[in-house]
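Reader: I've got a model open on my screen and I'd like to learn how to read it. Could you take me through some features, one at a time?

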Amino acid sequence: MAHILVVDDERSICELLEITFRKEGHRVEVASNCETARRKLESQIFDIVISDIRMPDGTGVELLQFCKEMSPSSYFLLITGVPTVETAIAAINAGADRYVIKDHDLVDQLRRAVRQVDETLRLKTEAGYLRRELRRLTGQDNIIGHSAKMREIFDMIMTVAPQTSRVLITGETGTGKELVARAIHENSARSKEPFITINCGAFPESLLESELFGYVKGAFTGASENRQGLFRGAHGGTLFLDEIGNMGPPMQVKLFRVLQEGKVRPVGSNEEYEIDVRVIAATNKDLDKAIAAGEFREDLFYRLSVIPIQLPPLRERREDIPLMARAFLERFRKVMEKPIEGISPSAMNLLEAYDWPGNVRELENTMERSVALETGNVISVSVLPEKVQRGASHENPMRPIQDNGQVQFPEGGIDLEKSVQDMERAYILAALEASDGVGTRAAELLKMTYRSFRHYSKKYNTR
Ligand SMILES: Nc1ncnc2c1ncn2[C@@H]1O[C@H](COP(=O)(O)OP(=O)(O)OP(=O)(O)O)[C@@H](O)[C@H]1O
Ligand SMILES: [Mg+2]
């Protein structure tokens, strides 16, 4: 049975469809505007979304675009009371799976459409499909993000990929440097050729040289045969020099020469050979500082950093957190075969508020752990690591007021009314969660009468 979201500002339509599909055994949620629908799409996974086109705060087509980004595998059916050629074209262009006109036939048409989707979903769970899908979902090469900062990174990847210029990727640990390097390779003309990675910090000097450049038999004790080295192995493709900031000075000189001349000499050999390798380097060190301190050669820096890409830490693009958290949830719930459908709003608030020193890797691990620990059907606050649970108390995105009383405005400003409502809603939900859904206890926690609590609870539809 499917998990369905119905979005329509006409209450009667929502009710009609909710009753119809509930009766058929589906799980149905409703939203009466785009904003509510967006929040639901952010925190839950729906098989089917049925949405009206014209709503007071946006259009179904916009919602469809948002949904495709959040959850590309969901089916999206658009319904409209005012069919026009333009909207039909917009719907199809945006990738709607169905376009249904609200007439006396609406319920029957939708019922048929949902049945078909349901059948497809059932077929999809067959072994072969599942295996392929799993590989796709666990594949590490899907870069997620919709913040302005990540969009810039995507544009950058697509611009630099077809060229052969060297790229230096910088950013804190876990921000996705390797992922970006791979994406550049995958989107280049070299994608069929090898992509080879080496962690320059993991080898002692002499070993790194022979790893990179290869050696000939007898070059040193233990060199019992010729070995080609990674530059040779990556011929025609891309060599990813990770942790370049940890490369020692003598090796830096050697690498500089190789990049300068485009030729490699294996250790112990007196012959050089030409290389055709695109070099992408990465580091989480501040190379400017390392250069100033005399630890990193400036000439090598300029050779490597023809195109610099700087990955922002996750806390500077919090808009990406819900999207990523959901994508990781989707990945791990499939791998672990758990019936978890979403993330509770208060858990999502905490995820968005936490600082993520380990960046995306830490978020990924947190979601894996949460999916493993969760016994209910949504990720709840109780399975989040303690530091994430604690994180919100000092810095909450909905409370941009700092300890010294100053307000820090995020990009694009703050919608006061919405922030206050978000906060009220978060408190109501948190209190309900903390009191196991017992309203009187939740009211006590919030120092209000049960009557007021019911008022808020109803206002925010928390039940
Ligand atoms: N934008 C993203 N979308 C999806 N997954 C991401 C994203 N960024 C990072 N990840 C995931 O987070 C993890 C860490 O990413 P990656 O290894 O690329 O980071 P890194 O910057 O190389 O970190 P380090 O400096 O510690 O080596 C990986 O599992 C990666 O798949
Ligand atoms: Mg890395």
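Reader: Let's start with Val-253. Does Val-253 count as buried, exposed or partly exposed, and why?

Author: You count neighbours. A residue is buried with 20 or more other C-beta atoms within 10 Å of its own, and exposed with 12 or fewer. Val-253 has 13 C-beta neighbours inside 10 Å, so Val-253 counts as partly exposed. Bear in mind that this is a predicted model.

Reader: What about the whole protein, then? What share of the residues is buried?

Author: Of the 463 residues, 33% count as buried. Take the contacts between residues at least 6 apart in sequence: 71% of them join residues at least 24 apart. As for the overall picture, there are 20 helices and 16 strands, and the C-alpha trace spans about 85 × 55 × 40 Å along its principal axes.

Reader: Back to helix 11. At what angle do helix 9 and helix 11 pack?

Author: For a helix pair, look at the angle and at the distance between the axes. Helix 9 (residues 205-213) and helix 11 (residues 249-261) pack at about 20°, with their axes 9 Å apart. Angles under 35 degrees count as roughly parallel, and therefore helix 9 and helix 11 are roughly parallel to each other. Their crossing is right-handed. On the helix 9 side the contact uses Glu-205, Leu-208 and Glu-209, while helix 11 brings Pro-250, Met-251 and Lys-254. Sorted by class, this contact has three nonpolar and three charged residues, and no polar ones.

Reader: Can we do another pair? At roughly what angle do helix 15 and helix 18 cross?

Author: Roughly 115°, and the axes of helix 15 (residues 345-353) and helix 18 (residues 416-434) come within 9 Å. Here the crossing is left-handed. Pro-345, Ser-346 and Asn-349 of helix 15 meet Ala-426, Leu-429, Ala-430 and Glu-433 of helix 18. That contact divides into four nonpolar residues, two polar and one charged.

Reader: Last one: the ligand. Which residues come nearest to ligand 1?

Author: Start with the list of residues around the ligand, then sort them by element and class. There are 17 residues around ligand 1, and Thr-173, Gly-176, Lys-177, Glu-178 and Val-360 come nearest. Helix 8 (177-186) and helix 16 (359-373) each supply at least two residues of the shell. By class, the shell around ligand 1 has four nonpolar, nine polar and four charged residues.

Methods. Residues numbered from 1 in each chain as written. Chains lettered and ligands numbered in written order. Predicted model: local features only at pLDDT ≥ 70, side-chain atom pairs only at ≥ 80, totals over all residues. Helix = DSSP H or I, 4+ residues; strand = E, 2+ residues; numbered from the N terminus. Contact = placed C-beta atoms within 7 Å. Axes fitted to C-alpha atoms, helices over the stretch in contact; angles between N-to-C directions. Parallel < 35°, antiparallel > 145°, perpendicular 65-115°, else oblique. Left-handed = near helix turned anticlockwise from the far one by under 90°. Nonpolar A, V, L, I, M, F, W, Y, C, P; charged D, E, K, R; others polar. Near = placed C-beta within 6 Å.
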